[in-house]
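Here's a walk through one protein model, written for someone new to reading structures. Keep the 3D view open and look up each residue as you go.

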Amino acid sequence: MTQRINYIQQSPELFKKFLAFSDQFKNSSIEEPIHDLVNIRASQLNGCGFCLDMHVKEATLHGERALRLHHVATWRESTLFAPRERAALAWTEVLTKLPEHGVADDIYERVRTQFSEKELSDLTFAVMSINGWNRANIAFKTVPGSADKAFGLDKANLA
């Protein structure tokens, strides 16, 4: 795969602002393991190889178990995820693949049992963020692993 353009070089100020927005999730009400799962699942659904590669490596560095990473794609059938994680994954899926008539009340109510209003709002912004990154990296065919050193992901030893 050959990258089309380097959007970071072409739009450095927009990149910095979007990165700053995304960095806010380190201090949000959503715990790091759930944020990692959200990033991985949205990237899987969108088919973003660059982001999937990056977020699997990040989750590994954060201490996530390999088997859980393998089970993200089949989280509904897996016994490895807690109810709160399942709710986050369901919310990620419905917001990533928006149904024609929006988010159904039953999905919202199921997710709402696991998250406070503040947490659900933060989770929604996290899903918005990863979907934005997915779109940029898919559009410009960013090569998976190409930013490992810049982001310290080479320390995951998954190359």
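Start with Thr142: setting aside neighbours within four places in sequence, Thr142 is in contact with Met1, Gln3, Tyr7, Phe50 and Asn137. Keep in mind that this is a predicted model. Thr142 sits in the loop between H8 and helix H9 (148–151). Is Thr142 buried or exposed? Thr142 counts as buried because its relative accessible area is 8%, and the cut-off for buried is under 20%. One of its partners also shows up in a polar contact: the side chains of Thr142 and Asn137 make one at 2.7 Å.

Now hop over to Asn131, which has its place in helix H8. Asn131 is buried too, with 7% relative accessibility. Its side chain has a polar contact with the side chain of Asn46, at 2.7 Å. Which residues does Asn131 touch, if you skip those up to four places away in sequence? They are Ala42, Asn46 and Thr96.

**Helix against helix**

H2 goes past H8 in a left-handed crossing. On the H2 side, the contact is made by Phe15, Phe18, Leu19, Phe21 and Ser22, while H8 brings Phe125, Ser129, Gly132 and Trp133. Sort the residues of this contact by type and you get 6 nonpolar, 3 polar and no charged.

As a rule, nonpolar side chains in soluble globular proteins tend to be buried together. In this model, the largest nonpolar core has 24 residues, and the members touching the most other members are Val38, Phe115 and Leu123. Helix H3 (32–46), helix H4 (49–61), helix H6 (83–96) and H8 each put in at least two residues. Which helix gives the most to this core? That's H8, with 6 residues.

Zoom in on Val38: leaving out residues up to four places away in sequence, Val38 touches Ala88, Thr92, Leu123, Val127 and Ile130. There's also a second, separate core of 9 residues, and Leu37, Ile40, Trp75 and Ala90 are among them.

**Loops and backbone angles**

Most residues other than glycine have a negative phi. Lys141 has a positive one, near 50 degrees, and is not a glycine. Asn157 isn't a glycine either, yet its phi is positive at about 55 degrees. You'll find Lys141 in the loop between H8 and H9, and Asn157 in the segment after H9.

One more residue to look up is His101, in the loop between H6 and helix H7 (105–112). Glu77 is 24 residues from His101 along the chain, and their C-alpha atoms are separated by 26 Å.

Here's how accessible several of these residues are:

| Residue | Relative accessible area | Class |
|---|---|---|
| Thr142 | 8% | buried |
| Asn131 | 7% | buried |
| Lys141 | 33% | partly exposed |
| Asn157 | 67% | exposed |
| His101 | 74% | exposed |

So why does His101 count as exposed? Because its relative accessibility is 74%, and exposed means over 50%. Lys141, at 33%, is partly exposed, because that class covers the values in between.

Terms used: Residues are numbered from 1 along each chain as its sequence is written. This is a predicted model: local features need pLDDT of at least 70, side-chain atom pairs count only at pLDDT 80 or more; totals for chains, interfaces and linings use all residues. Side-chain values use heavy atoms; hydrogens and water are left out. A crossing is left-handed if the near helix is turned anticlockwise from the far one by less than a right angle, and right-handed if clockwise. Helices (H or I, at least four residues) and strands (E, at least two) are DSSP runs, numbered from the N terminus. Contact means heavy atoms within 4.5 Å. Ala, Val, Leu, Ile, Met, Phe, Trp, Tyr, Cys and Pro count as nonpolar, Asp, Glu, Lys and Arg as charged, and the others, Gly among them, as polar. A nonpolar core is a set of buried Ala, Val, Leu, Ile, Met, Phe, Trp, Tyr and Cys residues joined through side-chain atoms within 4.5 Å. Buried means under 20% relative accessible area, exposed over 50%, partly exposed in between (1.4 Å probe, protein chains only). A polar contact is a pair of N or O atoms within 3.5 Å; within protein, one must be able to donate a hydrogen and the other to accept it, and residues adjacent in sequence count only if both atoms are side-chain atoms.
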